[in-house]
Amino acid sequence: MQYDQGFAFAASGLDRGAEIRDDRAALQKAMEDPAAQALIFWRSKPLMDRTDDGPRLLRVPMDHPLVSQGADRIFMGRSVQGQRPLFAIDISSWEPEEEFDADGAAFADPTEQHHPDAPETARFLEIRGLLAQLTLEDGELAATARAVMNWHASHGFCSKCGAASEMKQAGWQRVCPNCGASHFPRTDPVVIMLILSGNSTLMGRSAGWPEGMYSCLAGFIEPGETMEAAVQREVMEEAGVQVGNVGYVASQPWPYPSSLMFGCVGSAVNETITLDENELEDAFWISREDLADVFAGNNDKIFPARKGSIAHYLLNNWVAGRITAP
């Protein structure tokens, strides 16, 4: 099945320039290109500039003071417009003067930080709260850089021998100088599923979500498992609902921290819910008409997944009649 992509982090046409990642001369030339630009990140949050059209990923020249505050340069590729070389810089060692506390924000960090070397309108923002406002290129760049930086932060040591590893290929590989093992950024496959029974769909919520928020069920694909089998297993484990036929709809990179969400649709065999309270706080069946009211803002007790997420995309397309049971 093919549907128009209507969610964040979708492919924008970015040229990732993989052919020069291991070419020192070409990378140096790209960094010295007068048109080259850098994207600045701090503790997984990109530096965003507030504009009349909403927050936009700030791009600064390579000689900007912020660039020198990061030790590594991750080559992101070439911009969709103009083929500008783009690099991501992590300045997480910077300590803001103002105090902030994001510990209580289990779902998303609402705090904002301003760096003294950044434009007055620029702030470090958590992109999870900006899904529907990101341009295609901003979304792909922010998600990619965030995922790769998170991987480096948690994979500084060789998983084979335990020695400290080194960044290679412009940030797209780590190599162990002790045993020679090569390591590459990982992506964790996840299924997220629109489960249908007649005119109803199954929705659930985790305990840490904002009050009233419900979404499609989701879970990681296990080794040796197909997408279809993962959908059937996860729904049975979490809600006790047996699933028959399963179809694929679309996929979305999800950098929290490094997943690829496979959006699926499945047909339920039964409707009796047996909740696994270790996985879900609540789950229920909702009709197409009632879910349409939720999307219209006419229900003050529940609201769907955020616009820009693949869960919102699946549910909205089902309400509109564009997704049907497999």
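Guide: Helices and strands here are DSSP runs, a helix having at least four residues and a strand at least two, and they are numbered from the N terminus. Please note that this is a predicted model. As a case in point, Glu234 lies in helix α3, which covers residues 227-239.

Visitor: Is Glu234 buried or exposed?

Guide: A residue is called buried when its relative accessible area is under 20%. Glu234 has 8% relative accessibility and therefore counts as buried. Its contacts, apart from neighbours within four places in sequence, are with Met193, Ala218, Gly219 and Phe220.

Visitor: Let us turn to the whole chain. How many helices and strands are there in the chain?

Guide: The chain has five helices and 16 strands. Its radius of gyration is 21 Å, close to the 20 Å that the globule rule gives for 326 residues, so the chain is as compact as a globular protein of that length. Along the principal axes, the C-alpha atoms fill a box of roughly 60 × 50 × 40 Å.

Visitor: What share of the residues is buried, and what share of the contacts joins residues 24 or more positions apart?

Guide: Buried residues make up 50% of the 326 residues. Among contacts with a separation of 6 or more, 64% are between residues 24 or more positions apart. As for the surface, the chain exposes about 15600 Å², and carbon and sulfur atoms supply 47% of that area.

Visitor: How far apart are the mean positions of the positive and negative charges?

Guide: The chain carries 26 positive and 46 negative charges, and their mean positions are 6 Å apart.

Visitor: How should I read aromatic pairs?

Guide: One considers the distance between ring centres and the angle between ring planes; planes over 60 degrees apart count as edge-to-face, and those under 30 degrees as stacked. The structure holds eight aromatic pairs. In one of them, the rings of Phe7 and Tyr313 have centres 4.9 Å apart and planes at 90 degrees, so the pair is edge-to-face. Phe7 lies in the segment before α1 (24-32) and Tyr313 in helix α5 (residues 310-319), so this pair ties together parts 306 residues apart in sequence. Phe7 counts as buried at 6% relative accessibility, and Tyr313 is buried with a relative accessible area of 5%.

Visitor: How are the rings of Trp42 and Phe124 arranged?

Guide: Their centres are 5.9 Å apart and their planes are at 45 degrees, so the pair is tilted. Trp42 is in strand β1 (residues 37-42) and Phe124 in strand β7 (residues 122-124), so that the pair links distant parts of the chain, 82 residues apart. Both Trp42 and Phe124 are buried.

Visitor: Which residues do ring pairs link into a cluster?

Guide: The cluster consists of Phe9, Trp254 and Tyr256.

Visitor: What should I look for in the backbone?

Guide: Most residues other than glycine have a negative phi, and most peptide bonds are trans. Here, the peptide bond from Tyr256 to Pro257 is cis, with omega near 0 degrees. Pro257 is placed in the loop between β14 (243-254) and β15 (259-268).

Visitor: Where does Phe9 lie, and what is its phi?

Guide: Phe9 is found in the segment before α1. Phi of Phe9 is positive, near 70 degrees, in a residue other than glycine. Phe9 is buried, with a relative accessible area of 4%. Ser44, likewise not a glycine, has a positive phi of about 80 degrees. Ser44 occupies the loop between β1 and β2 (45-51), and at 17% relative accessibility Ser44 counts as buried.

Visitor: As a last exercise, which residues does Gly156 touch, leaving out those up to four places away in sequence?

Guide: Gly156 touches Ala163, Ala164, Ser165 and Arg174. Gly156 lies in the loop between α2 (136-154) and β8 (166-168). From Gly156 to Glu97, the separation is 59 residues in sequence and 28 Å in space, C-alpha to C-alpha.

Terms used. Residues numbered from 1 in each chain as written. Predicted model: local features only at pLDDT ≥ 70, side-chain atom pairs only at ≥ 80, totals over all residues. Heavy atoms only, no water. Rg over C-alpha atoms; globule rule 2.2 N^0.38 Å. Buried < 20%, exposed > 50% of the residue type's maximum accessible area, 1.4 Å probe, protein only. Contact = heavy atoms within 4.5 Å. Areas by Shrake-Rupley, 256 points an atom, 1.4 Å probe, with all protein chains shown as cover. Lys, Arg positive; Asp, Glu negative; His and termini not counted. Charge placed at Lys NZ, Arg CZ, Asp CG, Glu CD. Phe/Tyr/Trp six-rings, centres within 6.5 Å; stacked < 30°, edge-to-face > 60°.
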